[in-house]
Every structure is written in C-alpha cells, then in structure tokens.
Amino acid sequence: MDLKILTWNVEHFSGTKTAAKAGRVDRVITELEAQDPDVFGLLEVEGAESFNIIAQRMTDYTFMLTEGRQVQEILIGFKKTLRAFITQKGEFKENNLDLRPAALLTITSDTGKHLPILFGHFKSGSDPKGWGLRVSMFEKVSSLKKVINKIAVAQGDASGGMVVLGDLNTMGMVLTDSDGDLDADAEIIRLNKRFARVGLRPLVKSHPHTFSNGTGSSYPDSDLDHVYVDENMTIETDANGHEANVGGWALLPAGSQRDAWIASMSDHAPVSFTVLNF
C-alpha cells in the first residue's frame with residue numbers, strides 16, 4: 001500500500017470568526033480535501049472550535065488532539081480505513097508544562113508492518129535557550145529512532161522504518177556578542193548529520209522555503225518545516241527529483257497573490273509526500 005502524509009502549521013488556528021481570519025477553517029478543510037492525504041497533522045491548533053468543525057466535516061477520518069497546559073496543540077487525522085495507534089510524547093515538553101508535546105502515530109499495514117510517524121512542533125527561537133531546548137528535542141528523536149531500530153531488528157525487519165516531520169523551527173542561534181553564531185542553514189546541516197547517525201534522511205522539497213511573512217517582512221523566507229524518513233524507505237519522486245511537495249503560498253508568484261494566501265491561511269505552507277509500498 002502507498003501512504004500520503006501531510007504536515008501543516010496553520011498559525012494560531014482557533015476557528016474564531018475574526019475579520020482577518022473569517023472562513024479560515026473552511027479554507028483549510030478545502031485545502032485538505034484537495035490534497036486528500038491518508039494521514040495529516042495540523043500544528044498550532046488553539047482551542048476546540050476548529051477541531052470540532054474539522055471532525056464534523058471530514059467524516060472519513062479519525063482524529064486525535066494533543067492536550068496539556070500549552071496553548072497550541074497538534075491535531076492528527078488519519079483515514080478510518082487505516083489501522084493506527086496514537087501516543088502523546090510528553091518527554092518533548094522538556095519538563096516545561098508550557099512547551100508542546102509531540103504526537104506519535106503508528107500505522108500498521110495489511111501485512112503487519114509498522115510505520116511510526118512522529119509529528120513535532122519544536123522550540124522556536126534563535127537565542128541560546130531556544131537553541132538548547134531544540135537540540136535536546138532532536139536528541140530525543142534520535143533516541144526514539146534507536147529504540148525503533150532495535151525493535152525492528154528483533155522482529156526480523158532491518159529497516160526500522162520511521163517518519164519525523166513538522167515545524168522543527170531550524171532558526172539557527174544568535175549570540176549577543178556575535179561570536180559563535182550559527183545560521184539556519186548550518187543548523188539544518190548539523191541536524192541532517194545528527195539524524196543520519198540513526199538512519200534518517202531529509203526529503204528533497206519542491207521549494208527551498210516553507211515559511212514566509214510575505215512582502216515587506218523583515219524576517220526572511222525560511223526553511224522551518226521538514227520531513228525525515230528512514231533511509232531504506234521508498235518515497236514517490238516527481239520528474240524534478242522532488243520527494244516532498246511544498247504547496248500553498250509557495251505555488252504562487254511573490255507579491256500580492258502570495259501575500260493574500262498568507263493572510264487568509266497561514267505563514268507556513270503545507271508539506272506532503274507519499275510513502276510507496278508500505
């Protein structure tokens with residue numbers, strides 16, 4: 001079987017009817033229906049209103065919403081035809097009640113093969129504190145992958161398949177004295193090397209950036225949302241060699257069209273990909 005998976009940070013997604021965001025829940029549902037993923041994760045879901053509307057409209061899916069004292073949650077949806085088990089990974093809160101947990105969805109194929117999918121929304125910030133918390137979260141991903149590798153080998157499956165995706169907030173680190181700064185690209189390179197040690201590789205995306213504040217923003221377009229998969233997994237690739245499709249504003253020309261999409265939907269673009277022969 002093939003499995004299409006999507007991740008999307010929908011930016012303070014509360015479902016409230018403010019003038020700026022009126023109708024956004026409907027627009028997000030329309031986008032999801034057009035993409036038709038088997039599994040998706042929405043990040044920055046705030047409150048129950050948007051969750052309730054989505055659950056009432058998208059009746060072909062089963063849903064799970066993380067919970068805790070934090071304001072922003074992760075909403076996981078998967079088609080009812082799938083066999084799945086979900087756990088909330090509280091260790092990613094780093095003993096801070098206000099930080100976000102991760103969500104681990106494990107899909108079981110018709111042949112009994114398991115695919116753990118970890119949706120994360122990791123600590124933002126380019127200050128040393130934010131950087132340090134983020135690095136610790138990345139280490140927890142590596143530790144989890146090591147456990148999955150051992151279980152897979154014990155079960156006679158050497159691949160240890162796993163997917164890690166979401167808003168990983170690879171923003172780099174800036175020190176006040178500028179000595180030892182690390183830009184975002186350097187953090188991504190370090191992360192790629194870190195994950196490679198446990199058999200995870202990044203997917204090649206169709207667009208270099210997944211976050212944009214639009215025209216005139218002082219913050220540059222950035223590559224914050226990522227997908228990592230086990231190096232033995234087979235991923236659908238387009239004619240240009242892209243494995244992960246960056247949609248939304250990334251498909252529009254820079255300027256008024258892109259700005260309008262960002263204002264009405266999110267500053268993050270949805271990212272989707274398809275696992276083949278799972």
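A cavity is a set of points, on a 1 Å grid over the protein atoms alone, where a 1.4 Å probe fits but cannot get out, and lining residues have an atom within 4 Å of a point. The views below come from a predicted model, in which local features need pLDDT of at least 70 and side-chain atom pairs count only at pLDDT 80 or more, while totals for chains, interfaces and linings use all residues. Residues are numbered from 1 along each chain as its sequence is written, and side-chain values use heavy atoms, with hydrogens and water left out.

View 1. The structure holds 1 cavity of 30 Å³ or more. The volume of the largest cavity is about 40 Å³, a volume being the space filled by probe spheres set on grid points joined across faces, edges and corners. Its lining consists of W131, V135, F138, E187, R190, L191 and R194. Helix 3 (128–154) and helix 4 (184–196) are the elements that each give two or more residues to this lining; helices (H or I, at least four residues) and strands (E, at least two) are DSSP runs numbered from the N terminus. Helix 4 gives the most, with 4 residues. By class, the lining has 4 nonpolar, no polar and 3 charged residues. Here Ala, Val, Leu, Ile, Met, Phe, Trp, Tyr, Cys and Pro count as nonpolar, Asp, Glu, Lys and Arg as charged, and the others, Gly among them, as polar.

**View 2. The second largest pocket.** A pocket is an open set of points with protein on both sides within 12 Å along at least five of seven lines. The lining divides into 7 nonpolar, 4 polar and 3 charged residues.

**View 3. Helix 1 against helix 2.** Helix 1 (residues 24–35) and helix 2 (residues 49–57) pack with their axes 10 Å apart, at an angle of about 45°. Axes are lines fitted to C-alpha atoms, for helices over the stretch in contact, and angles run from 0 to 180 degrees between N-to-C directions. From helix 1, V25, D26 and I29 meet S50, I53, I54 and R57 of helix 2, contact meaning heavy atoms within 4.5 Å. This contact has 4 nonpolar, 1 polar and 2 charged residues.

**View 4. Two residues with positive phi.** E11, in strand 1 (residues 3–13), has a phi near 55°, a positive value in a residue other than glycine. N277 lies in the segment after strand 12 (271–275). Its phi is also positive, about 60°, although N277 is not a glycine.
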